[in-house]
Amino acid sequence: METTVAFASQPHTVLVTAPKLAPAGAELLAQSGARVLYLPALGTAEDVARILAREPVDAVISRTVDLTASAIGSCSTLKVISKHGVGVSNIDVAAATARGIPVYMTPGANAQSVAELTLGLLFAVARRLSWMDAEIKAGRWSRTQDGLELSGRRLGLVGFGQVGQRVARVCQALGMIVHAHDPALRGGASPVAGVQCWEDLDAMLAQSDVLSLHVPLNPHTRGLINAERLALLPRGAILINTARGEVVDEAALIGALSAGRLRGAGLDTMTVEPLPADSPLLALPNVVLTPHVGGSTPAALDAMAAGAARNVLGWLQGRPADSGACVNPQVLATPSHPL
(Lines give C-alpha, C1' and ligand atoms only; values in the text may rest on other atoms or scores of the structure.)
Protein backbone atom coordinates (compact mmCIF):
# COMPACT_ATOMS: atom_id res chain seq x y z
CA MET A 1 0.00 0.00 0.00
CA GLU A 2 1.19 3.53 -0.73
CA THR A 3 1.99 5.86 2.13
CA THR A 4 -0.38 8.79 2.47
CA VAL A 5 0.44 12.04 4.21
CA ALA A 6 -2.79 13.79 5.16
CA PHE A 7 -3.42 17.44 5.97
CA ALA A 8 -6.32 19.33 7.46
CA SER A 9 -7.04 20.95 4.13
CA GLN A 10 -6.71 18.84 0.99
CA PRO A 11 -7.37 20.97 -2.10
CA HIS A 12 -5.06 18.91 -4.31
CA THR A 13 -3.66 15.39 -4.45
CA VAL A 14 -0.04 14.94 -5.53
CA LEU A 15 1.55 11.58 -6.37
CA VAL A 16 5.32 11.26 -5.91
CA THR A 17 6.59 8.22 -7.79
CA ALA A 18 9.13 7.37 -5.08
CA PRO A 19 8.94 6.40 -1.39
CA LYS A 20 9.97 9.87 -0.25
CA LEU A 21 10.72 13.42 -1.33
CA ALA A 22 13.58 15.56 -0.03
CA PRO A 23 12.57 17.92 2.80
CA ALA A 24 12.59 21.13 0.77
CA GLY A 25 9.94 19.74 -1.60
CA ALA A 26 7.93 17.92 1.04
CA GLU A 27 7.70 21.11 3.10
CA LEU A 28 6.35 23.11 0.15
CA LEU A 29 3.66 20.50 -0.47
CA ALA A 30 2.80 20.46 3.23
CA GLN A 31 2.51 24.25 3.35
CA SER A 32 0.06 24.13 0.43
CA GLY A 33 -2.15 21.67 2.33
CA ALA A 34 -1.79 19.05 -0.39
CA ARG A 35 -2.61 15.40 0.10
CA VAL A 36 0.55 13.56 -0.90
CA LEU A 37 0.75 9.94 -2.06
CA TYR A 38 4.10 8.17 -2.21
CA LEU A 39 4.97 5.11 -4.25
CA PRO A 40 6.01 2.24 -1.98
CA ALA A 41 9.62 1.05 -1.94
CA LEU A 42 10.36 -1.08 -5.01
CA GLY A 43 7.20 0.26 -6.61
CA THR A 44 6.80 -0.30 -10.35
CA ALA A 45 5.18 1.41 -13.30
CA GLU A 46 2.21 -0.89 -12.77
CA ASP A 47 1.89 0.38 -9.19
CA VAL A 48 1.90 3.96 -10.48
CA ALA A 49 -0.85 3.08 -12.97
CA ARG A 50 -2.99 1.45 -10.25
CA ILE A 51 -2.73 4.50 -8.00
CA LEU A 52 -3.62 6.88 -10.83
CA ALA A 53 -6.59 4.73 -11.82
CA ARG A 54 -8.18 4.79 -8.37
CA GLU A 55 -7.07 8.10 -6.81
CA PRO A 56 -8.12 11.65 -7.80
CA VAL A 57 -4.54 12.70 -8.50
CA ASP A 58 -4.08 16.29 -9.66
CA ALA A 59 -0.32 16.25 -10.14
CA VAL A 60 2.56 13.80 -10.45
CA ILE A 61 6.15 14.41 -9.37
CA SER A 62 8.01 11.83 -11.41
CA ARG A 63 11.24 10.21 -10.24
CA THR A 64 12.72 7.21 -12.10
CA VAL A 65 9.74 4.84 -12.43
CA ASP A 66 8.05 4.96 -15.85
CA LEU A 67 4.95 7.12 -16.24
CA THR A 68 3.23 5.41 -19.16
CA ALA A 69 0.59 6.52 -21.63
CA SER A 70 -1.95 4.13 -20.12
CA ALA A 71 -1.25 5.43 -16.62
CA ILE A 72 -1.67 9.02 -17.75
CA GLY A 73 -4.84 8.13 -19.65
CA SER A 74 -6.37 6.35 -16.67
CA CYS A 75 -6.49 9.45 -14.44
CA SER A 76 -9.17 11.92 -15.52
CA THR A 77 -8.18 14.41 -12.80
CA LEU A 78 -4.50 14.66 -13.75
CA LYS A 79 -3.56 18.23 -14.60
CA VAL A 80 0.23 18.61 -14.44
CA ILE A 81 3.42 16.53 -14.28
CA SER A 82 6.88 17.56 -13.14
CA LYS A 83 10.06 15.57 -13.51
CA HIS A 84 12.28 15.49 -10.43
CA GLY A 85 15.32 16.37 -12.55
CA VAL A 86 15.69 17.01 -16.28
CA GLY A 87 15.57 13.67 -18.11
CA VAL A 88 11.98 12.93 -19.16
CA SER A 89 12.65 9.70 -21.07
CA ASN A 90 10.63 7.78 -18.45
CA ILE A 91 7.54 9.96 -19.03
CA ASP A 92 5.26 9.50 -22.05
CA VAL A 93 5.29 13.19 -22.95
CA ALA A 94 3.24 12.58 -26.11
CA ALA A 95 0.40 11.09 -24.06
CA ALA A 96 0.49 14.03 -21.67
CA THR A 97 0.50 16.49 -24.56
CA ALA A 98 -2.50 14.78 -26.12
CA ARG A 99 -4.36 15.40 -22.87
CA GLY A 100 -3.20 19.02 -22.67
CA ILE A 101 -1.12 18.25 -19.57
CA PRO A 102 2.11 20.24 -19.21
CA VAL A 103 5.27 18.33 -18.32
CA TYR A 104 7.80 20.40 -16.41
CA MET A 105 11.37 19.68 -15.37
CA THR A 106 13.85 21.25 -12.95
CA PRO A 107 16.74 22.50 -15.11
CA GLY A 108 19.94 23.30 -13.28
CA ALA A 109 18.82 21.92 -9.94
CA ASN A 110 21.36 19.11 -9.96
CA ALA A 111 23.90 20.62 -12.36
CA GLN A 112 26.61 21.26 -9.79
CA SER A 113 26.38 17.78 -8.31
CA VAL A 114 26.48 16.09 -11.72
CA ALA A 115 29.41 18.26 -12.80
CA GLU A 116 31.35 17.35 -9.66
CA LEU A 117 30.78 13.61 -10.16
CA THR A 118 31.87 14.00 -13.79
CA LEU A 119 35.15 15.44 -12.58
CA GLY A 120 35.49 12.73 -9.94
CA LEU A 121 35.09 10.00 -12.55
CA LEU A 122 37.57 11.75 -14.84
CA PHE A 123 40.25 11.88 -12.14
CA ALA A 124 39.53 8.30 -11.09
CA VAL A 125 40.00 6.98 -14.63
CA ALA A 126 42.96 9.18 -15.53
CA ARG A 127 44.90 8.18 -12.40
CA ARG A 128 43.49 4.63 -11.96
CA LEU A 129 42.36 5.44 -8.43
CA SER A 130 39.92 2.54 -8.03
CA TRP A 131 42.47 0.00 -9.23
CA MET A 132 45.21 1.26 -6.90
CA ASP A 133 42.79 1.37 -3.96
CA ALA A 134 41.83 -2.26 -4.63
CA GLU A 135 45.48 -3.28 -4.94
CA ILE A 136 46.42 -1.79 -1.57
CA LYS A 137 43.40 -3.34 0.14
CA ALA A 138 44.44 -6.70 -1.33
CA GLY A 139 47.88 -6.34 0.29
CA ARG A 140 49.78 -5.26 -2.81
CA TRP A 141 51.82 -2.04 -2.96
CA SER A 142 51.36 -1.53 -6.73
CA ARG A 143 52.84 1.90 -7.37
CA THR A 144 51.68 2.31 -10.94
CA GLN A 145 53.32 5.30 -12.61
CA ASP A 146 51.23 5.50 -15.76
CA GLY A 147 48.67 8.07 -14.60
CA LEU A 148 47.45 10.50 -17.23
CA GLU A 149 48.16 14.17 -16.55
CA LEU A 150 45.19 16.14 -17.79
CA SER A 151 46.81 19.51 -18.36
CA GLY A 152 47.22 20.08 -22.07
CA ARG A 153 44.76 17.33 -22.99
CA ARG A 154 41.73 18.05 -25.15
CA LEU A 155 38.25 17.69 -23.64
CA GLY A 156 35.23 17.20 -25.90
CA LEU A 157 31.83 17.92 -24.36
CA VAL A 158 28.71 16.54 -26.04
CA GLY A 159 25.99 18.78 -24.67
CA PHE A 160 26.92 22.20 -23.39
CA GLY A 161 24.19 23.14 -20.96
CA GLN A 162 24.63 23.95 -17.30
CA VAL A 163 26.53 20.76 -16.43
CA GLY A 164 28.83 20.92 -19.43
CA GLN A 165 29.63 24.56 -18.81
CA ARG A 166 30.59 23.87 -15.20
CA VAL A 167 32.83 20.99 -16.27
CA ALA A 168 34.41 23.19 -18.94
CA ARG A 169 35.40 25.92 -16.49
CA VAL A 170 37.06 23.53 -14.07
CA CYS A 171 38.90 21.69 -16.83
CA GLN A 172 40.13 24.98 -18.27
CA ALA A 173 41.52 25.80 -14.84
CA LEU A 174 43.40 22.47 -14.98
CA GLY A 175 44.97 23.54 -18.26
CA MET A 176 42.82 21.42 -20.55
CA ILE A 177 41.79 22.57 -24.03
CA VAL A 178 37.99 22.44 -24.15
CA HIS A 179 35.75 21.77 -27.15
CA ALA A 180 31.96 21.45 -27.18
CA HIS A 181 29.21 20.24 -29.47
CA ASP A 182 25.59 21.19 -28.87
CA PRO A 183 23.01 21.67 -31.65
CA ALA A 184 21.34 24.34 -29.51
CA LEU A 185 24.42 26.50 -29.99
CA ARG A 186 24.57 26.09 -33.75
CA GLY A 187 26.09 29.25 -35.20
CA GLY A 188 26.19 30.95 -31.80
CA ALA A 189 28.99 32.08 -29.58
CA SER A 190 30.25 29.84 -26.80
CA PRO A 191 28.72 30.65 -23.40
CA VAL A 192 32.13 29.93 -21.83
CA ALA A 193 35.08 32.02 -23.01
CA GLY A 194 37.85 30.02 -24.61
CA VAL A 195 35.72 26.98 -25.50
CA GLN A 196 35.61 26.09 -29.19
CA CYS A 197 32.13 25.02 -30.31
CA TRP A 198 31.86 22.51 -33.15
CA GLU A 199 28.84 22.02 -35.40
CA ASP A 200 30.30 18.75 -36.69
CA LEU A 201 30.32 16.18 -33.88
CA ASP A 202 32.53 13.73 -35.77
CA ALA A 203 35.17 16.38 -36.37
CA MET A 204 35.21 17.22 -32.66
CA LEU A 205 35.56 13.59 -31.63
CA ALA A 206 38.85 13.35 -33.51
CA GLN A 207 40.12 16.18 -31.29
CA SER A 208 38.94 14.72 -27.97
CA ASP A 209 41.40 12.98 -25.65
CA VAL A 210 38.55 12.96 -23.14
CA LEU A 211 34.89 12.73 -24.20
CA SER A 212 32.23 13.68 -21.64
CA LEU A 213 28.51 13.27 -22.32
CA HIS A 214 25.88 15.72 -21.07
CA VAL A 215 22.82 15.24 -23.29
CA PRO A 216 19.27 14.04 -22.52
CA LEU A 217 18.06 10.73 -23.89
CA ASN A 218 15.77 11.18 -26.87
CA PRO A 219 15.42 9.66 -30.35
CA HIS A 220 18.30 11.83 -31.61
CA THR A 221 20.76 10.89 -28.87
CA ARG A 222 19.96 7.19 -28.38
CA GLY A 223 23.05 5.31 -29.59
CA LEU A 224 24.71 8.60 -30.53
CA ILE A 225 28.17 7.36 -29.53
CA ASN A 226 28.33 4.17 -31.59
CA ALA A 227 31.21 2.00 -32.76
CA GLU A 228 32.03 4.30 -35.66
CA ARG A 229 32.20 7.36 -33.43
CA LEU A 230 34.20 5.62 -30.74
CA ALA A 231 36.72 4.77 -33.47
CA LEU A 232 37.09 8.49 -34.26
CA LEU A 233 38.47 9.21 -30.78
CA PRO A 234 42.27 9.35 -30.46
CA ARG A 235 43.79 6.09 -29.28
CA GLY A 236 43.98 6.08 -25.48
CA ALA A 237 41.01 8.43 -25.05
CA ILE A 238 38.77 8.44 -21.96
CA LEU A 239 34.96 8.40 -22.06
CA ILE A 240 32.87 9.79 -19.20
CA ASN A 241 29.10 9.31 -19.16
CA THR A 242 26.95 11.02 -16.54
CA ALA A 243 24.06 11.50 -19.00
CA ARG A 244 22.13 8.34 -19.90
CA GLY A 245 23.52 4.89 -20.59
CA GLU A 246 21.56 4.50 -23.81
CA VAL A 247 23.42 7.43 -25.39
CA VAL A 248 26.36 5.02 -25.85
CA ASP A 249 26.41 1.73 -27.75
CA GLU A 250 27.48 -0.27 -24.70
CA ALA A 251 28.65 -3.34 -26.63
CA ALA A 252 30.84 -1.16 -28.83
CA LEU A 253 32.24 0.61 -25.76
CA ILE A 254 33.07 -2.70 -24.11
CA GLY A 255 34.83 -3.79 -27.28
CA ALA A 256 36.91 -0.60 -27.47
CA LEU A 257 37.87 -0.87 -23.80
CA SER A 258 38.74 -4.57 -24.04
CA ALA A 259 40.90 -4.00 -27.11
CA GLY A 260 42.79 -1.15 -25.47
CA ARG A 261 41.55 1.41 -28.01
CA LEU A 262 40.30 3.50 -25.08
CA ARG A 263 42.33 4.12 -21.95
CA GLY A 264 39.23 3.81 -19.80
CA ALA A 265 35.71 4.92 -19.01
CA GLY A 266 33.89 6.43 -16.07
CA LEU A 267 30.21 5.54 -16.11
CA ASP A 268 27.48 6.78 -13.80
CA THR A 269 24.83 5.48 -16.19
CA MET A 270 24.47 2.18 -18.03
CA THR A 271 22.07 0.75 -20.59
CA VAL A 272 20.45 -1.55 -18.01
CA GLU A 273 20.14 -0.40 -14.41
CA PRO A 274 20.82 -1.89 -11.93
CA LEU A 275 23.83 -3.29 -13.79
CA PRO A 276 23.37 -7.05 -14.38
CA ALA A 277 25.75 -9.32 -12.48
CA ASP A 278 27.05 -10.77 -15.75
CA SER A 279 27.84 -7.41 -17.37
CA PRO A 280 31.31 -7.39 -18.98
CA LEU A 281 31.78 -3.90 -17.57
CA LEU A 282 32.29 -5.43 -14.12
CA ALA A 283 35.32 -7.38 -15.29
CA LEU A 284 37.14 -4.50 -16.97
CA PRO A 285 39.91 -2.99 -14.80
CA ASN A 286 39.88 0.24 -16.81
CA VAL A 287 36.25 1.09 -15.98
CA VAL A 288 35.05 3.07 -12.95
CA LEU A 289 31.35 2.61 -12.16
CA THR A 290 28.90 4.51 -9.98
CA PRO A 291 25.17 3.65 -9.62
CA HIS A 292 23.51 6.66 -11.33
CA VAL A 293 24.08 9.04 -8.43
CA GLY A 294 25.32 12.13 -10.27
CA GLY A 295 22.41 14.23 -9.07
CA SER A 296 21.88 12.44 -5.77
CA THR A 297 23.61 14.64 -3.23
CA PRO A 298 21.38 16.05 -0.47
CA ALA A 299 21.79 19.55 -1.94
CA ALA A 300 20.75 18.43 -5.42
CA LEU A 301 17.86 16.30 -4.15
CA ASP A 302 16.55 19.25 -2.14
CA ALA A 303 16.81 21.56 -5.14
CA MET A 304 15.08 19.11 -7.49
CA ALA A 305 12.33 18.33 -4.97
CA ALA A 306 11.65 22.02 -4.34
CA GLY A 307 11.69 22.80 -8.05
CA ALA A 308 9.28 19.97 -8.86
CA ALA A 309 6.94 20.98 -6.04
CA ARG A 310 6.92 24.60 -7.23
CA ASN A 311 6.21 23.44 -10.78
CA VAL A 312 3.09 21.45 -9.88
CA LEU A 313 1.81 23.84 -7.21
CA GLY A 314 2.32 26.83 -9.49
CA TRP A 315 0.19 25.24 -12.21
CA LEU A 316 -2.51 24.07 -9.81
CA GLN A 317 -2.68 27.48 -8.12
CA GLY A 318 -2.78 29.46 -11.36
CA ARG A 319 0.84 30.65 -11.22
CA PRO A 320 2.56 28.55 -13.92
CA ALA A 321 6.31 28.16 -13.77
CA ASP A 322 8.60 29.61 -16.43
CA SER A 323 7.63 28.10 -19.79
CA GLY A 324 11.32 27.41 -20.38
CA ALA A 325 11.02 24.58 -17.85
CA CYS A 326 8.15 22.96 -19.78
CA VAL A 327 9.09 20.24 -22.25
CA ASN A 328 5.77 20.47 -24.15
CA PRO A 329 5.12 24.25 -24.11
CA GLN A 330 2.54 23.96 -26.88
CA VAL A 331 -0.02 22.92 -24.26
CA LEU A 332 0.49 26.22 -22.41
CA ALA A 333 -1.15 28.09 -25.25
CA THR A 334 -4.42 26.22 -24.91
CA PRO A 335 -7.27 28.23 -23.35
CA SER A 336 -8.36 25.45 -20.99
CA HIS A 337 -6.18 25.97 -17.92
CA PRO A 338 -7.10 22.91 -15.83
CA LEU A 339 -7.62 24.34 -12.36
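## Exercises on a predicted chain

Leu121 sits in helix H5 (helices, H or I with at least four residues, and strands, E with at least two, are DSSP runs numbered from the N terminus). Before we dig in: this is a predicted model, where local features need pLDDT of at least 70, side-chain atom pairs count only at pLDDT 80 or more, and totals for chains, interfaces and linings use all residues. Residues are numbered from 1 along each chain as its sequence is written, and side-chain values use heavy atoms, with hydrogens and water left out.

**Exercise 1. Work out whether Leu121 is buried or exposed, and which residues it is in contact with.**

Step 1: Check the cut-offs. Buried means under 20% relative accessible area, exposed means over 50%, and partly exposed is in between (1.4 Å probe, protein chains only).

Step 2: Apply them. Leu121 has a relative accessible area of 2%, so it is buried.

Step 3: Look for partners, where contact means heavy atoms within 4.5 Å. Setting aside neighbours within four places in sequence, Leu121 touches Ile240, Thr242, Gly266, Leu267, Asp268, Val288 and Thr290.

Step 4: Compare places along the chain. Leu121 and Ala265 are 144 residues apart in sequence, yet their C-alpha atoms are separated by 8.2 Å.

**Exercise 2. Find the polar contact made by the side chain of Asn90.**

Step 1: Locate the residue. Asn90 belongs to the loop between strand E5 (80-83) and helix H4 (93-98).

Step 2: Use the rule. A polar contact is a pair of N or O atoms within 3.5 Å; within protein, one must be able to donate a hydrogen and the other to accept it, and residues adjacent in sequence count only if both atoms are side-chain atoms.

Step 3: Widen the view. Beyond neighbours within four places in sequence, the contacts of Asn90 include Arg63, Asp66 and Lys83.

**Exercise 3. Spot the backbone features at Leu42, Arg128 and Pro274.**

Step 1: Leu42 has a phi near 65 degrees, a positive value in a residue other than glycine. Leu42 lies in the loop between strand E3 (35-38) and helix H2 (45-54), and at 83% relative accessibility it counts as exposed.

Step 2: Arg128 isn't a glycine either, but its phi is positive, about 55 degrees. You'll find Arg128 in the loop between helix H5 (111-127) and helix H6 (129-137); its 25% relative accessibility makes it partly exposed.

Step 3: Glu273 and Pro274 are joined by a cis peptide bond, with omega about -5 degrees. Pro274 lies in the loop between strand E12 (262-267) and strand E13 (287-289).

**Exercise 4. Step back: how many helices and strands are there in the protein chain?**

Step 1: The chain has 11 helices and 13 strands.
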